[in-house]
Amino acid sequence: MAHIVFLRASAADLTAGKPPLAGVPASAPLSAAAAAIPASSEAAVAVWRVDGASHHHHHRAPTAAATVVGLLSSIDVVAFLANHPGGAAAAFMTPAGDVVPHEHALVREVQPDTRLIEIVELMKRGARRVLVGKNIKEGCSINKQPFAPFYKAVLKITGTPRRNPSPSPSPATRSPSTTLGRDRYCCLTREDIVRFLINCLGALAPIPMQSIASLGAISRAYSHVEDSSPAIGAAWELPSDPRAVAVVRTGHDGSRVILGEISGHKLWKKDYAAAAEAMATMSAMDFATGVDESGPSPTATAAAAAGNVGGGGARARMGSVEEEIAPVPRLTRFSSRKIGFSASLANMIMVSHRKNRVLTCKATSSLAAVMAQMLSHRATHLWVVEDGDADKGAVLVGMIGYMEILRAVTRGVVVPPA
């Protein structure tokens with residue numbers, strides 16, 4: 001049955017109401033890219049060339065995907081600000097193309113009739129955005145015929161309610177610096193694929209009901225830093241995917257108890273300038289656990305920093321968003337100063353509120369449960385733990401992200417020849 005889902009569903013079945021690829025040109029200041037990240041998928045925004053340079057032959061125009069030089073995540077911004085000797089105001093004026101990690105295969109293009117298995121294979125090879133060409137008259141709409149048995153299920157999307165697509169701007173009002181022709185495409189993310197698949201669990205049976213351990217879906221190659229180490233050190237341990245580092249305490253037996261995380265997901269809707277200042281001065285534990293309930297949006301902070309206004313007001317404060325999903329997230333702010341963090345206090349808070357700080361699952365958790373948890377929190381990953389001693393906490397054994405999920409659900413599915 002799983003073969004039916006992947007071989008009969010096409011890109012057109014997943015693109016109802018999907019927006020174009022959001023991003024900024026490489027020449028735009030970092031403040032513009034930072035302002036675009038909160039509204040972007042997976043806490044990252046695309047950065048593309050605008051000078052016409054291309055690796056293709058000179059007589060061929062580069063495709064939209066080929067012009068993307070990389071995806072800039074929230075943690076890339078915070079880490080860059082924290083390491084910049086000139087402060088946030090100067091750092092925000094840096095061209096986004098100088099900050100984004102250059103990875104050219106992260107965005108790929110497909111046709112509306114491309115089969116789902118082909119899209120998944122692209123993502124398994126590293127693509128994080130897939131551009132689907134629009135029908136100029138119909139825009140992004142579901143093709144009901146090829147996948148009619150599952151059409152109704154596709155619309156029962158869980159997690160964040162999808163907003164109604166906004167009317168396309170007129171040519172007079174469309175900004176070439178933010179679209180560059182990419183409004184001719186619908187953009188699919190790995191979250192979109194998993195959100196589609198969770199509505200087809202019956203067709204994917206029995207895989208979704210199996211444990212992630214039995215499916216081999218637990219990655220042991222995660223990055224981590226010790227709780228007492230400087231938070232800035234996490235920036236040097238960041239893997240390319242997902243952009244996350246576990247904050248742990250290593251026991252005498254070598255086991256690692258997870259106390260928090262430093263990640264693009266956690267920094268997604270925060271005050272980046274204030275978070276950078278905290279990252280430069282705090283321990284990993286304190287950085288991952290400070291909490292306060294007020295603060296400006298990252299957009300306002302980036303604009304203020306770019307204009308060199310209000311820099312002092314954000315000191316030692318970091319903003320965050322509620323983990324519960326809402327159509328309009330409420331921004332909050334971290335504050336180590338108000339809470340008066342010490343290492344011992346931070347540890348007590350983490351032990352008693354770990355479920356509110358770190359999204360975890362067990363090795364025995366079913367794949368369906370993991371998918372639902374990731375979608376409900378719009379998370380890019382979960383940490384896999386096992387129960388330890390009562391006074392020790394949850395022992396970290398690995399992590400699971402989109403790549404592990406996609407590999408698990410496509411086990412045994414063979415891509416037919418073109």
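Three strands form an open sheet with the order E1-E2-E3 and mixed pairing, where strands are DSSP runs of E of at least two residues and helices are runs of H or I of at least four, both numbered from the N terminus. Two strands are taken to pair if DSSP finds at least two bridges between them. The edges of the sheet are strand E1 (23–25) and strand E3 (68–73), each of which pairs on one side only. From one strand to the next, the twist averages 30°. Strand E2 (residues 44–48) pairs with E3 in the antiparallel sense over five bridges; Trp48 has Val68 in E3 as its bridge partner.

The model is predicted: local features require pLDDT of at least 70, side-chain atom pairs count only at pLDDT 80 or more, and totals for chains, interfaces and linings use all residues. Residues are numbered from 1 along each chain as its sequence is written, and side-chain values use heavy atoms, with hydrogens and water left out.

The protein chain contains 17 helices and 14 strands. Of its 418 residues, 51% count as buried, that is, under 20% relative accessible area with a 1.4 Å probe and protein chains only; over 50% is exposed, and values in between are partly exposed. Among contacts (heavy atoms within 4.5 Å) between residues at least 6 apart in sequence, 74% join residues at least 24 apart.

Helix H5 (residues 116–124) packs with helix H17 (residues 402–409) at an angle of about 140°, and their axes are 10 Å apart. The axes are lines fitted to C-alpha atoms, for helices over the stretch in contact, and the angles run from 0 to 180 degrees between N-to-C directions. H5 and H17 are therefore oblique to each other, given that angles under 35 degrees count as roughly parallel, over 145 as roughly antiparallel, 65 to 115 as roughly perpendicular and the rest as oblique. At this contact, Val120, Met123 and Lys124 in H5 meet Met403, Leu406 and Arg407 in H17. The contact residues comprise four nonpolar, no polar and two charged, with Ala, Val, Leu, Ile, Met, Phe, Trp, Tyr, Cys and Pro counted as nonpolar, Asp, Glu, Lys and Arg as charged, and the others, Gly among them, as polar.

H5 is mostly covered, with seven of its nine residues buried. The buried residues of H5 are Leu116, Ile117, Ile119, Val120, Glu121, Leu122 and Met123. Gly126, which follows H5, has a positive phi near 120°.
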